[in-house]
Amino acid sequence: ARGEGEGRTPLLTAVGDVAVPDQVLLGDAGSGKTTFVNYLTYLLAQAYLGNGGPQLPEPLQAALPARVVLRRAAEHIPIDAECGKVGMLWDTLQADLAERLGEAAAAYLFPHLQERWLQQGVFLLDGLDEVPQAGRRRRCLLEAVQALRAELEPERRMLLTARPYAYADPEWQLPGFAVLALAPFSEEQVEHFVQRWYQAVRPAMGWDAATAAQRGERLAQALRERAYLADLASRPLLLTLMATLHSSWGQLPEDRADLYEESVGLLLSRWQKGREARGPDGQPVQDPGIERALKLGQ
């Protein structure tokens with residue numbers, strides 16, 4: 001989420017807009033879409049349980065979050081499916097419960113949660129771009145989303161995330177959904193991130209407070225002095241990769257090509273890991289993904 005102040009960001013306020021309950025959140029690779037969804041899920045769950053936390057916009061208060069990772073939902077779409085059905089999304093939520101609580105507990109709990117979600121739910125649907133187009137999976141998934149929307153009361157809310165290229169084609173757009181876009185980090189937010197990063201890694205690295213502060217200032221100075229680094233740092237994922245390299249090595253590679261090589265290596269090994277979509281047969285489903293978004297090989 002972007003911004004500071006009372007835990008209430010402009011993006012959270014927009015998501016809670018009474019006039020537009022259904023929204024699509026667009027952002028490039030590494031812009032923070034999944035982080036935002038996960039954090040919003042956490043905030044909603046804390047508020048629902050009465051555990052306090054930042055004040056949410058009124059329409060989001062007392063709402064029970066249902067987070068759906070759409071690439072997992074695609075695994076519940078049969079290879080020969082002709083249309084998408086709402087059961088594909090419900091099956092995904094129940095399967096997620098089963099992974100965490102066991103089959104028996106999920107079977108018992110799911111009907112109760114389903115009723116609550118229909119009455120008080122906020123549905124957070126993450127990663128349309130990670131759903132393969134092959135075998136009509138993406139089309140079926142969008143049909144399932146529309147079927148779920150038809151089951152919900154008008155005041156219930158849905159948020160779907162995607163990369164811009166995956167939502168540019170009118171074929172993949174959802175009628176009645178407003179479009180939001182994640183803004184890049186400002187210079188102030190980059191410096192705040194660097195400070196917090198070094199505070200967070202200090203215990204693991206065995207540094208005292210002064211050493212961590214000095215190392216953080218060196219990274220912040222490098223980002224200020226090298227224009228191409230400042231551009232990369234406006235994207236949260238790439239900033240995280242550079243902070244990882246800097247805290248491990250004590251500096252960033254001087255050569256731009258070396259920096260790109262090391263960053264891409266971290267990106268592919270850490271961020272892309274576990275994002276592979278699979279079909280009902282358990283086999284990987286190939287689809288243009290991170291390579292396309294980052295224009296690798298061009």
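User: Where is Pro 184 found?

Analyst: Pro 184 sits in the loop between strand 5 (178–181) and helix 8 (187–205). Helices (H or I, at least four residues) and strands (E, at least two) are DSSP runs, numbered from the N terminus. Before we go on: this is a predicted model, where local features need pLDDT of at least 70 and side-chain atom pairs count only at pLDDT 80 or more, while totals for chains, interfaces and linings use all residues. Residues are numbered from 1 along each chain as its sequence is written, and side-chain values use heavy atoms, with hydrogens and water left out.

User: Why is Pro 184 called exposed?

Analyst: Its relative accessible area is 55%, and exposed means over 50%, buried under 20%, and partly exposed in between (1.4 Å probe, protein chains only). So Pro 184 counts as exposed.

User: What makes strand 4 largely enclosed?

Analyst: Six of the six residues of strand 4 (residues 157–162) are buried, so the rest of the structure largely encloses it. Both faces are covered: Arg 157, Leu 159 and Thr 161 are buried on one side, and Met 158, Leu 160 and Ala 162 on the other. As background, side chains in a regular strand alternate between the two faces of the sheet.

User: How do you know that strand 1 and strand 4 pair?

Analyst: Count the bridges: two strands pair if DSSP finds at least two between them. Strand 1 (residues 22–26) and strand 4 have five, in the parallel sense, so they pass.

User: Why is strand 2 described as largely enclosed?

Analyst: Five of the six residues of strand 2 (residues 64–69) are buried, so it is largely enclosed by the rest of the structure. Strand 2 runs parallel to strand 3 (residues 121–126), joined by six bridges, and Arg 67 stands opposite Leu 124 there.

User: What makes Glu 99 and Arg 72 a salt bridge?

Analyst: The rule wants a side-chain nitrogen of Lys or Arg within 4 Å of a carboxyl oxygen of Asp or Glu. Here the closest N and O atoms are 2.4 Å apart, so the pair qualifies. The pair links distant parts of the chain: Glu 99 is in helix 4 (residues 87–101) and Arg 72 in helix 3 (residues 70–74), 27 residues apart. Glu 99 is exposed at 53% relative accessibility, whereas Arg 72, at 29%, is partly exposed. By this rule the count comes to nine salt bridges.

User: How do you know that Arg 163 and Asp 129 meet in a salt bridge?

Analyst: Their N to O distance is 3.4 Å, so it falls within the 4 Å limit. Arg 163 and Asp 129 are both buried.

User: Why are Glu 217 and Arg 224 called partly exposed?

Analyst: Glu 217 has a relative accessible area of 39% and Arg 224 has 46%, so both fall in the in-between class. These two form a salt bridge as well, with the closest N and O atoms 2.6 Å apart.
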